[in-house]
Number of protein chains: 2
Amino acid sequence: MADFRIYPQLLADGHYIGKLRLCHVLLHTNAVLPWFILVPETEVLDLLDLSDDLRRMAVDEAAVMAHFIKTTLGYHKINFASIGNVVPQLHLHVVGRSNGDPCWPAPVWGNLLAVRQYSSAELDRLTELLVRECSLHALERR
Amino acid sequence: MADFRIYPQLLADGHYIGKLRLCHVLLHTNAVLPWFILVPETEVLDLLDLSDDLRRMAVDEAAVMAHFIKTTLGYHKINFASIGNVVPQLHLHVVGRSNGDPCWPAPVWGNLLAVRQYSSAELDRLTELLVRECSLHALERR
């Protein structure tokens, strides 16, 4: 989709990491938890309004990210959601959680008050791992 | 799965409505918004850990519920999530939202303070519609 653009609010909240087959991958700037935001390249606004094929592809890619968070980053629990009440563009949250993390057991939205920024080295390392383990295409950051 | 049991906390928070092919369907007792809770008959705890086939089936059933909420109940937006930090049994939230509803645009979890109960007539009517439009099997309420 040549003219597809990620909403500025999503790019403000996340580091652009690269693309899977359907979804662009952003990493929430708050490094307290591994919080990925997948943006499927579509104009449809609700995950459950996608065609069966695209919906399955989007959720399959979320499952790849979830597997990465669990096995490579060592988190035992995934919170998965598609909300989009504030930013209308379709985006999927895939968040690693652990018992005792800074807002456990509350959902992260509106409750994650602790803040830490990623270092450039951390971003490069995560991107490298995602390229190797999840077939991420690490494009120019937007 | 003969010995499958829905967690008491989910049954306390929701009216048992019936079953789709994979998922039991509960309706959150708070009638302020149409808030369905789908419980796939599995022992797996995270949606994104299900096998590809079961995950697709669960999300397909969530999409059927979302379509019902939009077209029959008239809500323009769906919030979809699988969290499970408090109740570990896998369950999917499919929630109808509308601009100006009692906690718009916040997510419902922890933010929906308004409360209304369903009447028996409302529950019967919703169940009847789900049987007709979503192929729900309306089992004995648990």
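In this predicted model, helix 3 of chain A, residues 120-134, lies across strand 1 and strand 2 (23-28) of chain A. The helix runs at about 25° to strand 1 of chain A. Chain B shows a corresponding arrangement: helix 3 (residues 120-134) of chain B lies across strand 1 and strand 2 (23-28) of chain B, at about 25° to strand 1 of chain B.

One residue of that helix in chain B can be followed in detail. B:Glu133 is placed in helix 3 of chain B. Leaving aside residues up to four places away in sequence, B:Glu133 touches B:Phe68 and B:Thr72. B:Ile17 is 116 residues from B:Glu133 in sequence, and their C-alpha atoms are 14 Å apart in space.

The next level is the whole chain. Chain A contains three helices and five strands, and in sequence order they give the pattern α-β-β-β-α-β-β-α. Its C-alpha trace spans about 40 × 30 × 25 Å along the principal axes. The radius of gyration of chain A is 14 Å, which agrees with the value near 14 Å that a compact globule of 142 residues would have. Of these 142 residues, 39% count as buried. Among contacts in chain A with a separation of 6 or more, 58% are between residues 24 or more positions apart.

Strands of a sheet pair through backbone hydrogen bonds, in a parallel or an antiparallel sense. Here the sheet has 10 strands in the order 1(A)-2(A)-3(A)-5(A)-4(A)-4(B)-5(B)-3(B)-2(B)-1(B), and the pairing is antiparallel. Strand 1 (14-19) of chain A and strand 1 (14-19) of chain B are the edge strands, each pairing on one side only. On average, neighbouring strands of this sheet are turned by 20° against each other, with direction ignored.

Within chain B, strand 3 (residues 35-40) and strand 5 (residues 92-97) run antiparallel and are joined by four bridges. In this region B:Phe36 stands opposite B:Val94 of strand 5 of chain B. Between the chains, strand 4 of chain A pairs with strand 4 (residues 77-82) of chain B in the antiparallel sense, over three bridges. There A:Ala81 stands opposite B:Ala81.

The contact between the chains takes 27 residues from chain A and 27 residues from chain B. On the side of chain A that touches chain B, helix 2 (52-71) and strand 4 (77-82) of chain A are the elements that give two or more residues. Helix 2 of chain A provides the largest share, eight residues. By residue type, this side of chain A divides into 16 nonpolar, four polar and seven charged.

How are the two copies related? In general, two copies of a chain are related by a rotation about an axis and a shift along it. For this pair, a rotation of 180° with 0.0 Å of shift along its axis superposes chain A on chain B, with an RMSD of 0.0 Å. The two copies are therefore related as by a two-fold rotation axis. In chain A, the C-alpha nearest the axis belongs to A:Ala81, at 2.0 Å. The same surface serves both copies, since 100% of the contact residues of chain A recur in chain B.

Note on methods. Residues are numbered from 1 along each chain as its sequence is written. Chains are lettered from A and ligands numbered from 1 in the order in which they are written. This is a predicted model: local features need pLDDT of at least 70, side-chain atom pairs count only at pLDDT 80 or more; totals for chains, interfaces and linings use all residues. The radius of gyration is taken over C-alpha atoms; the globule rule is 2.2 Å times the number of residues to the power 0.38. A residue is buried if 20 or more other C-beta atoms lie within 10 Å of its own, exposed if 12 or fewer, and partly exposed in between; C-beta atoms are placed from the backbone. Two residues are in contact if their C-beta atoms, placed from the backbone, lie within 7 Å. Two strands pair if DSSP finds at least two bridges between them. Axes are lines fitted to C-alpha atoms, for helices over the stretch in contact, and angles run from 0 to 180 degrees between N-to-C directions. Ala, Val, Leu, Ile, Met, Phe, Trp, Tyr, Cys and Pro count as nonpolar, Asp, Glu, Lys and Arg as charged, and the others, Gly among them, as polar. Copies are superposed by least squares on the C-alpha atoms of residues with pLDDT of at least 70 in both.
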